[in-house]
Amino acid sequence: MIEKKLDRAITDFIWNVVEINSQLEDIHTSWAGLLGITEPQWLILMAITELDAGRGVAGIDIANKLRVHPAFVTNQTKSLEKAGFLSRRPGDDDARFVLMSLTPKATADIEKLSKRKLALNSTMFNDLDEKTLADLNAALATIAKNARLAARLLAIDVS
């Protein structure tokens, strides 16, 4: 009986994650549309915002953050550069690595959305306090780590 309840709870959790992912994709698509870019391009800009400590971000770091192929990041960032959203320059230590940073235009455009983003975040996380979110994030990080392991184990089993 306990095993069935645990299985039900895990199944419910997985479907909740699927629902949240779907809603977040819709939200990201809306933010991207306000800037005239695609949802994956929006996520690239958000990853750069998160990862850039003032020196630029390597494409491989963006790809790892978004869990996509580095070639996809290269292709999309070239489009973003043409649109004036980011700048690309060779790395100081290794010219084979291209470092990317948001342009002042991108920073200003994203900043214009910040009040709306705060309101949206307030709506989504209205019933959760900081400690609850911290605990939830810790639990999700553990599940993500274990899911990566499970995926590798399954891949070994399949091959």
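Modeller: A helix axis here is a line fitted to the C-alpha atoms over the stretch in contact, and angles run from 0 to 180 degrees between N-to-C directions. The model is predicted.

Colleague: At what angle do helix α1 and α2 pack?

Modeller: Helix α1 spans residues 2-35, and its axis lies 8 Å from that of α2. An angle of 65 to 115 degrees counts as roughly perpendicular. That is how α1 stands to α2, the packing angle being about 90°.

Colleague: Which residues of α2 meet α1, and how do the residues of this contact divide by type?

Modeller: From α1 come Glu25, His28, Thr29, Trp31, Ala32 and Leu35. On the α2 side they meet Glu39, Trp42, Leu43 and Leu45. By type, the residues of the contact of α1 with α2 are six nonpolar, two polar and two charged.

Colleague: Which residues does Leu45 touch, not counting residues up to four places away in sequence?

Modeller: Leu45 is among the residues with the most contacts inside the largest nonpolar core. Leu45 is also one of the α2 residues that meet α1. With residues up to four places away in sequence not counted, Leu45 touches Leu35, Ile37, Leu80, Phe85, Leu86, Leu102 and Ile110.

Colleague: Why are the buried residues of α3 on the same side of the helix?

Modeller: In α3 (residues 59-66) the buried residues are Gly59, Ile62 and Ala63. They lie on the same side of α3 because the arc they cover around the axis is only 100°. An α-helix has 3.6 residues a turn, so residues three or four places apart point the same way. What covers the buried residues of α3 includes α2, β1 (57-58), α4 (70-82) and β3 (98-102).

Colleague: What phi does Arg67 take, and is Arg67 buried or exposed?

Modeller: Arg67 sits in the loop between α3 and α4. Most residues other than glycine have a negative phi. Arg67 has a positive phi, near 60°. Exposed means over 50% relative accessible area; at 67% relative accessibility, Arg67 is therefore exposed.

Colleague: Which residues of α5 are exposed on the other side from its buried ones?

Modeller: Ala106, Asp109 and Ile110 are buried in α5. Their arc around the axis is only 95°, which puts them on the same side of α5. These buried residues pack against α1, α2, β3 and α6 (114-124). On the other side of α5, the exposed residues are Pro104, Glu111 and Lys112.

Colleague: Is Asp109 buried or exposed, and which residues is Asp109 in contact with, leaving aside neighbours within four places in sequence?

Modeller: Asp109 lies in helix α5. Buried means under 20% relative accessible area, so at 15% relative accessibility Asp109 counts as buried. Leaving aside neighbours within four places in sequence, Asp109 is in contact with Leu35 and Phe85.

Colleague: What separates the C-alpha atoms of Gly33 and Thr49?

Modeller: Gly33 belongs to helix α1 and counts as partly exposed, at 49% relative accessibility. Gly33 and Thr49 are 16 residues apart along the chain. Their C-alpha atoms are separated by 18 Å.

Definitions and conventions:
Residues numbered from 1 in each chain as written. Predicted model: local features only at pLDDT ≥ 70, side-chain atom pairs only at ≥ 80, totals over all residues. Heavy atoms only, no water. Buried < 20%, exposed > 50% of the residue type's maximum accessible area, 1.4 Å probe, protein only. Helix = DSSP H or I, 4+ residues; strand = E, 2+ residues; numbered from the N terminus. Arc of directions from axis to C-beta. Contact = heavy atoms within 4.5 Å. Parallel < 35°, antiparallel > 145°, perpendicular 65-115°, else oblique. Nonpolar A, V, L, I, M, F, W, Y, C, P; charged D, E, K, R; others polar. Core = buried A, V, L, I, M, F, W, Y, C linked by side-chain atoms within 4.5 Å.
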